[in-house]
There are 2 protein chains.
Amino acid sequence: MTKPSKSKTRISAAPKSAGTALLSRSCPPSAEAGEKITLAHGAGGRHMHRLIHEIFRPAFKDASLDLAHDGALLDAQKGRLAFTTDSFVIRPLFFPGGDIGSLSVHGTANDLAMCGAEPLYLSCACILEEGFPISDLGRIAQSIGRTAKAAGMRIVTGDTKVVERGKGDGVYLNTAGVGAVRFARPVTPSSIREGDVLIVSGDVGRHGAAVLSVREGLAFETALLSDAELLWPQVRALLDAGVDVHCLRDLTRGGLATALNELAQSSGLGILIEEESVPINGDVASACEVFGLDPLYMACEGRFAAFVPEHDAQKAVDALQGPCRAHPPARIGSVIGEHKGSVRMRTRIGVERILDMLAGEQLPRIC
Amino acid sequence: MTKPSKSKTRISAAPKSAGTALLSRSCPPSAEAGEKITLAHGAGGRHMHRLIHEIFRPAFKDASLDLAHDGALLDAQKGRLAFTTDSFVIRPLFFPGGDIGSLSVHGTANDLAMCGAEPLYLSCACILEEGFPISDLGRIAQSIGRTAKAAGMRIVTGDTKVVERGKGDGVYLNTAGVGAVRFARPVTPSSIREGDVLIVSGDVGRHGAAVLSVREGLAFETALLSDAELLWPQVRALLDAGVDVHCLRDLTRGGLATALNELAQSSGLGILIEEESVPINGDVASACEVFGLDPLYMACEGRFAAFVPEHDAQKAVDALQGPCRAHPPARIGSVIGEHKGSVRMRTRIGVERILDMLAGEQLPRIC
C-alpha cells in the first residue's frame with residue numbers, strides 16, 4: 001500500500017476515503033524489468049488499462065483488437081459458423097516447440113478446423129496469479145499474437161482477471177473461436193460410415209512426450225519438440241482436393257485411443273486399427289517406455305484423425321502429405337460393422353484386442 | 001491410486017503398463033454424496049466423460065449442447081454478430097442474489113447486450129481444483145443452465161480442465177458469447193456526441209456491497225442482494241421504443257466511475273454527472289461508509305449506462321423503467337465539450353471535482 005507519488009492524482013482519483021485494508025492506491029506500474037502482477041491489475045481500473053495498452057495491444061497489433069468496448073462486432077458471414085472454446089492450464093508454461101500462448105491459439109483454431117471451418121475470430125481471456133512476472137506475460141502475449149497471425153485469426157475481444165498468490169499457477173488462458181464452415185457436407189461424427197478409411201495426419205504422441213521430457217529432465221539425442229501445429233492448412237488441402245471428408249477429430253488429451261473411442265461411441269460404429277500402421281517417433285516410443293506410458297494415449301496438439309470413404313483414401317493421404325511434410329500421414333484402420341461403439345486394435349503379433357478409453361490420468365495438465 | 005474394481009475393465013482399459021506415479025487407474029466416480037474432483041476428471045478420458053454426462057448435460061439440457069464434437073455449428077444469421085468473453089473468479093462462489101454460475105451467464109450475455117446484440121449462443125469452460133465437491137459443481141452447473149435459459153441463450157460448447165489442489169480456488173469459469181446485432185446504427189463509444197444525456201438503468205454498487213457483506217459477515221435489516229440481472233430485456237425495451245441509442249456500457253469492475261472514465265477517454269469527450277442524481281441504495285451506502293469505500297467505484301452486475309440524444313431522454317427513461325422496476329433508472333448527467341477525456345462530478349454542495357478512474361484495487365475478485 002505505497003503512497004501515491006503525485007498528490008494531484010490522489011486528490012482527483014476519487015474513492016472518497018481509503019480504507020487501506022481494502023483499497024490499494026499505489027501508482028500504476030511501469031513495464032520495467034522484474035515487475036510482477038498485482039491484484040490491482042485485475043480491478044478494472046488504471047493498472048489493468050495500462051496492462052492492456054502496454055502488453056496486450058502491442059502484442060496483438062496485427063489483429064484489430066477493439067479493447068475499448070464490451071464485445072466485438074464481426075463481419076457478416078454467409079453460411080454457417082462454428083464456435084468453440086478451450087481453457088489452457090499446461091505446466092510448464094514454456095515447453096519444447098511452444099508455450100501456453102501458442103497452444104491457446106492452436107487448440108481453438110484446430111477445434112474449428114475439425115468442424116470443417118476456417119478459423120476467423122479469436123477471444124483471449126487470462127487468469128493471472130498475483131506475483132506473476134509481467135515480462136513472462138509479455139512473452140506469452142507476443143506468442144499469442146504471432147500464432148493468431150499465422151492462423152489468419154483476428155483477436156477481437158479479451159478479458160483479464162487476477163487471483164491471489166497461491167490461488168492460481170502463473171497464468172491460465174481461455175480462448176474461444178468463431179470460424180466459417182467451408183465444407184458443403186457436415187463434417188461430424190454422425191457422418192462416419194461403415195467402410196470409411198481412418199487416416200492420421202502425422203505421427204502421434206509428440207506433444208505429451210515433449211512436455212513429459214521437460215518435466216522429468218529427459219535428454220534425447222535430438223530435441224524432442226511438441227507436434228503443436230495449425231491444422232487448417234491440412235484440412236484446407238483436403239477441401240481443395242475434393243475429398244469427401246466424413247469426420248475430423250484432433251488428438252488432444254487422451255491421445256489417439258481416447259479420440260477414437262469417443263467417435264466409435266458417438267457414431268455407434270466399430271473402429272479397427274492396425275498397431276504397426278500407427279506412426280510413432282522413436283524418441284516418443286523411448287520416453288513412453290521409460291515411464292510405462294502408452295503412446296496411443298499421449299496427447300498431440302497438431303495431429304488429427306480423418307474419416308473418408310475408401311475411394312477417396314489415397315487422395316486424402318496425398319493431400320495431407322502435401323509437398324514436404326516431415327511427419328507423413330498414414331492410413332491406420334477402418335470403420336467396421338462389428339463391435340459397435342468400441343475400438344479394436346490388431347497388434348504386431350496379429351492378436352486383436354480392445355483399445356479402451358483412458359480410464360484415469362496419464363499425464364496431468366498437458367494442455 | 002486404488003485398484004480398479006472390475007478386472008475386465010482393467011484388462012481392456014488399455015495403457016500397456018501402468019506407471020503408478022503417473023497413471024491413476026481408479027474407476028470412474030459415481031455421482032455420490034461427498035465426492036470430489038480428481039485430476040482424472042481433467043484427463044479427457046472416462047472420468048471426464050462421466051462428469052459431462054452426469055453433471056453438465058442434465059444441467060444444460062434445455063440448451064441443445066452438442067458435447068460430442070470439437071465445436072458447435074451455429075445457425076446462419078443475417079447481419080452482424082457480436083462476440084465477447086469473460087472469465088469469472090468471484091469469491092465466495094455463492095453470494096446473496098447469485099453464484100459464479102449465474103454470474104458467468106449474466107456477464108457475457110450483458111456484454112453482448114451492450115453491443116446492441118441479442119444474446120444467442122454461449123460457451124462454458126471451467127477450471128476445477130482437485131478436491132472440489134462434485135455436488136457444488138452440480139449446483140453451479142444447474143445455475144448456469146437455468147440462467148442461460150432465462151437469457152434465451154443456447155449453451156453449445158464447453159471445456160473442462162482440472163488443476164492440482166492449491167493451484168486454483170474451487171472453480172474458475174469462462175464464458176464466451178455470440179449474439180446478433182439488432183440496432184441499425186452502431187451502439188459504441190465512438191457514437192457518443194456532445195449534448196448526449198447519460199442515464200443509469202438502476203441503483204449502483206449493490207453487487208459489490210452484497211459480496212463484501214458476506215465476506216465480512218455484515219448483517220443488514222433487509223437482505224442486501226446483488227443487482228446481478230440480465231440486461232437484454234431493458235436494452236430490447238429501448239430498441240422497441242425507437243430510442244436512438246448512442247452507447248451502452250455495463251457497470252462492472254471499477255463501478256460507474258471507471259466505466260464513465262473509459263467512455264470519456266475512448267469518445268474523446270467530457271462527462272459531467274450530478275452526485276445527488278446517482279441512485280444508491282441505503283444499505284449499499286452504509287456498507288461503503290463502514291469500509292471507507294466509494295459506491296461510485298463499487299461493481300454492479302445488472303446495471304448499465306446509456307447515452308442518448310436529449311430529445312430521446314425521457315422516452316429512454318420510460319422504456320428502462322418499464323411497468324414495474326423496483327430500482328428505477330435515473331438521468332444522472334450529460335456529455336460536455338469541455339474537460340475532454342475526463343469525468344467531472346458536481347457534488348451535493350455544488351463543487352465540481354474530477355472523478356478519476358480507479359487507481360488501485362477496491363475489492364478483489366468481485367466477478
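A salt bridge, as the term is used in these legends, is a side-chain nitrogen of Lys or Arg within 4 Å of a carboxyl oxygen of Asp or Glu. By that rule, the count between chain A and chain B of this predicted model is 14 salt bridges.

**Figure 1. Salt bridges and polar contacts between chain A and chain B.** One of the salt bridges joins the side chains of D169(A) and K167(B), with 3.8 Å from N to O. Strand β6 of chain A, residues 154–163, gives the most to the side of chain A that touches chain B, supplying eight residues. Taken by residue class, that side of chain A divides into 48 nonpolar, 32 polar and 24 charged residues.

**Figure 2. The extent of the interface between chain A and chain B.** Here 104 residues of chain A are in contact with 105 residues of chain B. The size of an interface is often given as the accessible area lost when the parts come together. For chain A and chain B the buried area is about 8500 Å², of which carbon and sulfur atoms give 55%.

**Figure 3. The axis that relates the two chains.** Chain A is superposed on chain B by a rotation of 180° with 0.0 Å of shift along its axis, and the RMSD is 0.0 Å. That is the relation of a two-fold axis. The residue of chain A that comes closest to this rotation axis is G168(A), whose C-alpha lies at 2.3 Å. Because 100% of the interface residues of chain A are also interface residues in chain B, the copies meet through the same surface.

**Figure 4. The two domains of chain A.** Chain A is divided into domain 1, which takes in 35–70 and 77–181, and domain 2, which takes in 186–354. The centres of these two domains of chain A, taken over C-alpha atoms, are separated by 28 Å.

**Figure 5. The interface between domain 1 and domain 2 of chain A.** In this view 22 residues of domain 1 are in contact with 21 residues of domain 2, and the area buried between the domains is about 1800 Å², with 67% of it from carbon and sulfur atoms. P96(A), N110(A) and M114(A) supply 36% of the area that domain 1 buries against domain 2, more than any other three residues.

**Figure 6. The side of domain 1 of chain A that touches domain 2.** The elements that give two or more residues to this side are α3 (100–114), β5 (117–129) and α4 (134–151) of chain A. Of these, α3(A) gives the most, with eight residues. The residues of this side divide into 13 nonpolar, six polar and three charged.

Methods:
Residues are numbered from 1 along each chain as its sequence is written. Chains are lettered from A and ligands numbered from 1 in the order in which they are written. This is a predicted model: local features need pLDDT of at least 70, side-chain atom pairs count only at pLDDT 80 or more; totals for chains, interfaces and linings use all residues. Side-chain values use heavy atoms; hydrogens and water are left out. Domain bounds come from an automatic or database domain assignment. Contact means heavy atoms within 4.5 Å. Buried area is the accessible area (1.4 Å probe) that two parts lose on being put together, summed over both. Helices (H or I, at least four residues) and strands (E, at least two) are DSSP runs, numbered from the N terminus. Ala, Val, Leu, Ile, Met, Phe, Trp, Tyr, Cys and Pro count as nonpolar, Asp, Glu, Lys and Arg as charged, and the others, Gly among them, as polar. Copies are superposed by least squares on the C-alpha atoms of residues with pLDDT of at least 70 in both.
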